[in-house]
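Trainee: I would like to go through this model site by site. Please give the cut-offs as we meet them.

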Amino acid sequence: MGDHEQKFVTEAFETNWIAPIGPHVDAFEREFCQTVGANHAAAVTSGTAALHLALKLVGVGVGDEVFCSSLTFSASANPIAYLGAKPVFIDSDKISWNMDPNLLVAALEQKAKLGKLPKAVILVHLYGQSADIDPILKACNHYGVTMIEDAAEALGATYKGRSPGTFGKIGIFSFNGNKIITTSGGGMLVSEDPEMTAKARFWATQSRDPAPHYQHSEIGYNYRLSNVLAGIGRGQLMVLKDRVAARRRNCEIYEQALGDVPGIEFMPEAAWGLSTRWLTCLTIDPTAFGADREQVRLALADAQIEARPVWKPLHLQPIFQDSECFGGEVSEDLFDRGLCLPSGSNLTDEELDRVIQAILKVRSSAGVKVAASVIS
Ligand SMILES: *Cc1c(COP(=O)(O)O)cnc(C)c1O
């Protein structure tokens, strides 16, 4: 937490606005819009809830197909299933690890020929880095398919000077505990279209019709963000820039120490914008490095350092394994060889060095083994 969250929370208590409505919610929406350069926003309980509402807003329903990046967290695709629609996954490119624009074009072309275009494309911006939005948006516009952006991991990033999440019809963000800023749990839906955010707020507050009694003409959800948590969010927005700087600094320190080690390659930062480096990710080539990703991860775990494989592609997940997927080799390889390093914005230099030394130690002990096996 920064210096202001407690003050906003205290204000919520003192004014007795302990509800999923109140002045902090309104202010958080306004201030979030200013931060990302959006016109309208609706604060909700999670990024997943925001994506559920986004898909419903663009009319996704039973039997529809929705394209989605394959290399991502399951929450990017689960809301497709909530609505009875079918996910179709698109593989990553190697420049950004995000949706490959060429594969998307090929997939849209093929679906257009079959007369079965998807209802929407969910474009995910992974690990703090924007996807290559322009060609993807162009392809979507060409086929009249709506683009929704999952920018849950990319708050603070840029694409050609603008915030990812503000290019599509709707963008969603997350303030879960692990994200770059947090309200413990929370999400935001942004759109240029005020009718979209108004409808999202309506559905998110149980679809209450304007009447003195409780009247409902539509199914509703309990998705609105608490005024207490919105207060935390207002304080967190004030430190977003610091958090981005701290995450980028982590990555720089890791890269300085490990960037030249044979077999280690950091997730590239694409030329079109600024990555927040929400997580510092790298890939390990086992032949060149002398140990594979899993050996490195387990050696770190032995040293009480938590590191995780890169997202398991959704087309490989048991729950989605029967779904269609265009491509797949790139994300499969990233999953096979990719590792996310400890990346918290409060890591000290000593802690970063401990991670670095633990990785280098795997290499030197593996080197000994390799040499020994060559001799025998
Ligand atoms: C965290 C995350 C979500 C979901 O956000 P919640 O607020 O946790 O529901 C969706 N997509 C991606 C890519 C995420 O990382």
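**Sites in the predicted model**

Mentor: Thr197 is placed in helix α7, where helices (H or I, at least four residues) and strands (E, at least two) are DSSP runs numbered from the N terminus. This is a predicted model, in which local features need pLDDT of at least 70, side-chain atom pairs count only at pLDDT 80 or more, and totals for chains, interfaces and linings use all residues. Residues are numbered from 1 along each chain as its sequence is written, and side-chain values use heavy atoms, with hydrogens and water left out.

Trainee: Is Thr197 buried or exposed?

Mentor: Buried means under 20% relative accessible area, exposed over 50%, and partly exposed in between (1.4 Å probe, protein chains only). Thr197 has a relative accessible area of 1%. Thr197 is therefore buried.

Trainee: Which backbone oxygen does the side chain of Thr197 reach?

Mentor: A polar contact is a pair of N or O atoms within 3.5 Å; within protein, one must be able to donate a hydrogen and the other to accept it, and residues adjacent in sequence count only if both atoms are side-chain atoms. Here the distance is 3.1 Å, and the backbone oxygen belongs to Pro194.

Trainee: How far apart in space are Thr197 and His40, C-alpha to C-alpha?

Mentor: Contact means heavy atoms within 4.5 Å. Not counting residues up to four places away in sequence, Thr197 touches His40, Ala41, Ala42, Leu189 and Ser191. In sequence Thr197 and His40 are 157 residues apart, but from C-alpha to C-alpha the distance is 6.5 Å.

Trainee: Which side chain does a polar contact join to that of Arg234?

Mentor: Arg234 sits in helix α8 and is buried, with a relative accessible area of 15%. Leaving aside neighbours within four places in sequence, its contacts are Phe8, His24, Ala27, Phe28 and Glu31. The polar contact, at 3.1 Å, is with the side chain of His24.

Trainee: What is the phi of Ser207?

Mentor: Most residues other than glycine have a negative phi. Ser207 is in the loop between α7 (194-204) and α8 (227-238), and is buried at a relative accessible area of 0%. Its contacts beyond four places in sequence include Phe202 and Gln215. Although Ser207 is not a glycine, its phi is positive, about 50°.

Trainee: And what is the phi of Trp97?

Mentor: Trp97 lies in the loop between β3 (86-90) and α5 (101-113). Trp97 is buried, with a relative accessible area of 3%. It is not a glycine either, yet has a positive phi of about 70°.

Trainee: Which residue has a side-chain N or O atom 2.7 Å from a nitrogen atom of the ligand?

Mentor: Of the 15 residues around the ligand, Thr48, Asp150, Glu153, Ser174 and Lys179 come nearest. Polar side-chain atoms lie at 2.7 Å from a ligand oxygen for Ser174 and at 3.3 Å from a ligand oxygen for Lys179. For the ligand nitrogen, the residue is Asp150.

Trainee: Which residues lining the largest pocket are closest to its centre?

Mentor: On a 1 Å grid over the protein atoms alone, a pocket is an open set of points with protein on both sides within 12 Å along at least five of seven lines, and lining residues have an atom within 4 Å of a point. About 490 Å³ of space lies in the largest pocket. Of its 17 lining residues, the closest to the centre are Asn178, Leu279, Glu306, Arg308 and Cys340.

Note on methods: Near = heavy atom within 4 Å. 1 Å grid on protein atoms, 1.4 Å probe; cavity = no way out; pocket = protein on both sides within 12 Å on 5 of 7 lines; lining within 4 Å. Points joined across faces, edges and corners; volume = space filled by probe spheres on them.
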